[in-house]
Amino acid sequence: MITKSNAVDYDKFKNEKFLINICDQEPIHIPGSIQNFGFVLVLGADGNIRFVSENLDAFTSREFSEVLGKDLSEVLADPLVLNQVLLESNKIEYFYNCTLNISEQIFDIAILPATSLGYRTIEFQPVSNEDLDEGIEEMLDALQSIDSKKKLYQVAVEHIRKVIGYSRVKFYLFDENWNGDVLAESKEEFMPSYYGMRFPHSDIPKQARALYVRNKTRVIADVQQSPIPILPKVKNSEAIDLSDSGLRSISPIHIEYLRNMGVGASFSVSVVQGNKLIGLFACHNHESKSIGLRARKKCEIIGRVVAVEVKRLELEIEEQRRVVFQKKTAFLTDHLRKSESIDEGVVTILPQLMKLMSFDGIAIGSREEYISHGLVIDSVELMPYERSLLPRDKRLIQKETSVCSLGQFQSTKNRVAGFVRIPIDIDGNQVIYGFRRARAKDIIWGGGDPSKAKNLDLDNEGEIRVSPRKSFEAYKIKVEDQSEPFEDDVFYEELSRVFYNIIGGVSASKTRPKSQSKYFQALLQNNLELKKQIASLKIENGKLYSSEQKLNLALESGAIGTWEYNVEQREVILDLKCIDLLDAPELVMSFEDFIALIPADYSDNFRRALDLDTLQREGLNEEIRYIHDDDERIFSFRAQVNSDTELDEIMAVYGTIQDITAFRMLRSEIDEVNYELQQFFYSDLLGTFIADEQGEIIRCNDYFLELLGFDKEFFQIGSLNWRTLSPIDQYPKDLDMIKSAMEGERITYVKQFFDSSGKRVDTLFGLSYSKDSNKFYAMVKNHSLEVVQRQKAERLIEDQRRMLLERHEKMQRFNLDLINSNAELTKEIAIRKEFEKSARLLEHAIDSASEMVLITDAEFVKTGGQPVITYVNQAMLDLSGYTKEEVLGRSPKMLQNENTSDAIKREIGKSLQEYKPIQVRIINEGKNRNEYVVDLSISPVFDEHGNCINFVGVQKDVTEEVQQQFEKERAERHFKMVIENLPGSLLALSDSQGNITYTSGANSHLLKKYSKAFDAFQLGDSEDEILTALETEGQVFDIEGKLTDKEYLIMVQQLTNFRGEKELIFLAHNVSDKKKLIDLREKALAQASELAEMKTQFINTASHQLKTPMSSIELNLELLTALKSEIDNPKFSKIMARLKEESDRLLSLMDETLQISRINSDHFILTEEDVDLVDLIGDQKELFLDTRIYRHRSIKVRTPKKKIIVRTDLHLFRHAFHNILSNALKYSEEEVEVEVSQTKTGKIDIFIRDKGIGIPKGEVEKLMTEFFRASNARNSAGTGLGMYLVKIIMTKLNGSIEINSIEGKGTTVTMSI
Amino acid sequence: MKSILLIEDEPILGETMVDILELYDYRVHWKKSLEEFLAFDPKKEVVHLICCDFHLPDGSLRDVHAKLKASETLSKVPLLVISATASEHDMDYINKNIDHFLMKPFKVSSLLDKISALVSC
């Protein structure tokens, strides 16, 4: 429903497409309700019943609410069904004849596939009496032996009606637009008939079609029945997808449709091929009637069989047609292949192709140009349609049965109604169009105007609703603007393929191999003939060649038309060229029309030549020529018979027509040229002849004969040879010239011939040669006069030339003198220029030099005055800060700093006096009193007479250099100081191979005895590695080494010294002490963590050890409680003993644990005092022998005579000794011996020996770990802490303990202190 | 009468457990070490339950467990482990491999409850 407020425009809804869309979107697969002829249970993913149809009580003894949430087994007990529910399946599973726990009735069950949410719907329908198998075989036999589709449909509807007993069964077949045509019907008399009608596609919306494919049968048992809801209701009814349900309730629109149709029940059976619904059995009953599951299944089988049979019949028919089609296309394509050009071939086959495809018109070509035949749409008018096609569409077959819908086609008004467009090349640009004319046709629609099949109404509440049509009366529509549909897709494809093979190949190369068909041979022969004729006219002249080329071009560009005479049909098919030549009205014409095209004078000849009898008797091979009436064009007809060789029957005559007018014209042109040439050849001014390669004159003119004095009558071929007419001395030149001529040159030279009387004749001789004819063409002219004249002229010219040459030489000599005097002048000028240039250069060089230059006069030496500055350069001025004016004319002393020593001043003065050069380092001062150090060198300058005229002082500023030197020395001093004073550090320098060159540092004497640094630092093994690393990885390398026995950290660095040699620096630092410290710290850390670990371990074990006696006490106490009334029970005392023992053990465990913890504590302090060991041992002996258990044992004590006094913690030591002695007594039965002895170093050993059970091998070491008990001591009471405690005590007391034991023989424990 | 194979090295605890179990009508085979247990031939004596301490003087539960798993008959007998162990390593083994476990000290009632439950199934 669409409310008005949402509706934008009511009119819009009237649009048919919109209406259909509404129906297409109706969610009919999830109505949430069912029909009443069965009930439904929906199981959740957990297998419990989640939903139930409300009508459960109609079939069972339960209300729907009673089974909700219950397991399925509440409803039925059939294990097969219960099991199936658990299995995954994507199809409907059927179970027949099932009994339920909650009903008397027997049911057929359908289990639908699980929905996406895991819900499973189970349908129950009471069992009908139908037998599933009954009659099915006969039915199948009947259906599978039919040879026409129509009969098949009829038999099928009869059978279905028999099975379901409805009052009308009809069969629809869908067309490509989903309109359905009723093709078969079986009904009761009283039901209206729909046979032959067409039902609009909107009757079955899209999603309903999808459901028809999925569920092949569909029953609506009662259109009056309101739907039964599935409860509880859910908002999202997607949960219960009833797509596969046979009970699914019906769309209200469909119900209304059925009511309008006046039926009470409806049933449909789908006919599906692949996934496509092709037809539908629509069954109606006048009153409500349900159909059982089995009957439905049976009908479904009929539907399936029909689908298969239809396909089979279609294939059979198609196959038959295909055979015929292929035969015909094979003939046509063969023809096409044999044609000289595609266009011609196509033109000839078009009429037949059109007939074959049942078109009314046909066109082949591309958008620009079509070759067409019959009723067609003009190519110009097709243009917009062609442009509208997408590239993809172009490659597919396009069909249009109502071209009016594509727009106006003026040329086809009321003629062409539809076309099929068949692409025949890879891009779909080359196509075949098949056209069909309009066919008036009546279509009877079932129920009114199909465009009004569904309507939008306003219902009572003013809401828009969709309602189906009310009338199903037949409605006739006359269709006038449509063509027959184009249905032979297979043929269209075949056609596309065939043409693709031909056209595709041709468009690639535009030519194809010439076939050897007779038809082609005719053409070829024709061509050859022409060429022969032309060849016979060929004359060696450029003009003629080009004319011949023109002719060939004309021939090759298709100036020959072809035609085909179909003898059987007495029809002639012309190609385009033929039409052009003959001005024919049509491509295909009757034989008589064809003959009529030929001028009456010749037509009888034609008729006779093409007469069937004549052809059969004589064949046709001759040329018929005629001149066209109007324009005097000349035609040449040739024809050849193409007969079926097997049957000896004439199939067709293939012929050519050629316009040979041009050829004739050419011929006359050639004649003319020939004439003209002859005029020249037979000239009276020039001798001409033509000779063969041997020189035999083949032809000559009269003048030539006259020239050489031969009689005209004398000449005949073979009587003259121009070579033999040449004097012998002419031969060499002749041979040269003949050679040149044969290479293509046109030669003219002066030559002598003998005349008939043997006299020499001077001639001007022209010669050329033709390779085509192998002939020489010659012209001969009398030359005597010309020779004399030329010689005279040549002498004259020679005199003139000589005179000019003499004059020229005179001029040259004169010129030479002039040039020489000039050169000297120029030279001098150049020298001077050069001199000036170098002077300037020098001054410039001095000015821009970085050294300071100062020049003084030398007068002062003689006069005893001051030197006067005559020149300073720019560098001098820059450094001093003076300007040139301030300096010139003054004494250089103005630059001197007062710090310059007098000694130096004197030295300078002395040198100047002696005119000697001097070099000194002095300190100068600038204008701003800035000091600078310079290296000064003064040189005297002497003139050519040896007099000193100047002093030149050159100064170099070395202030920075001096400064750097100073810094460097200071750094070196500092470095040396540091190395010398660093404790444990030393420095060694070596060459690149490690040979020590220098040592320094406090310990450097240690290096003295080594020559190699690597040996000194004990790095011999890694020498190569270090050297490589320094070379490749970088300049610095850190490594640990040793010097003597001390650890050193050595930094090796590679440097390049001032000589450019590689040097290694070893800076070694003693790290022995540091290393020791680190080791110690690491050890301490490890110990600390070990200790912590041990403590945890100890606590764990101690708690475990505590729990064991606790368990015993606990159990025994409980046991005691259990035995409380039996105080006399012999167990009683045993339990009490156990309790005592375990409680003792607990106590001593606690005690020892505490002691251990106390001793291990950091705060524990030994209380040392002097202890007399002999006393102590004696006391302990007494203590043990006083006890009840040990009183009969003996302890032998052996001590030195004197007292042994030890300073120790009495309490702890006593505890340790007590423990050991106690063990010795406990694990032995014989005498225990205690011996004390003191060594010379003051160490005291106490040996406690027993001859008891001993300790098993391998356990001695573990004995002193906490809680360890020897495997042979388990039965004795003990804590496992005793010996551990002893060990701790002895360690604390700076003593030690050692155990030696042999299992079974005894143990000796040695306490040393 | 159901019989129990007891593996316990503590003499007093072992004795007490034997007393208790016999009091409640179980027959007890007491093995005091791994060695004694390994010598036990399951073909000669039928046992319905194995009750085992974790630490033994010459081995541990691991060894016992290995033998049980290897034996066709004993692998089907339920195993109850009794221990006072507190080490994480041992507890880890128990959690991963042992279904029935009793921590020391325990009550007679819980011991009997466990045993009767295991023996009856």
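A: Relative accessible area is classed here as buried when under 20%, exposed when over 50%, and partly exposed in between (1.4 Å probe, protein chains only). This is a predicted model, in which local features need pLDDT of at least 70 and side-chain atom pairs count only at pLDDT 80 or more, whereas totals for chains, interfaces and linings use all residues. Residues are numbered from 1 along each chain as its sequence is written, chains are lettered from A and ligands numbered from 1 in the order in which they are written, and side-chain values use heavy atoms, with hydrogens and water left out.

The sheet is the part to examine. Helices (H or I, at least four residues) and strands (E, at least two) are DSSP runs, numbered from the N terminus, and two strands pair if DSSP finds at least two bridges between them. In chain A, 7 strands form an open sheet with antiparallel pairing, in the order S1-S11-S3-S2-S6-S5-S4. Strand S1 (33-34) and strand S4 (93-99) of chain A are its edge strands, each pairing on one side only. Within the sheet, strand S2 (residues 39-43) and strand S6 (residues 120-126) of chain A pair in the antiparallel sense over 5 bridges; A:Phe39 has A:Phe124 in S6(A) as its bridge partner.

Helix H4 (residues 79-86) of chain A lies across S2, S4, strand S5 (106-111) and S6 of chain A, contact meaning heavy atoms within 4.5 Å. H4 runs at about 150° to S4(A), where axes are lines fitted to C-alpha atoms, for helices over the stretch in contact, and angles run from 0 to 180 degrees between N-to-C directions.

Elsewhere in chain A, A:Asn605 of helix H18 (residues 600-609) counts as partly exposed because its relative accessibility is 35%.
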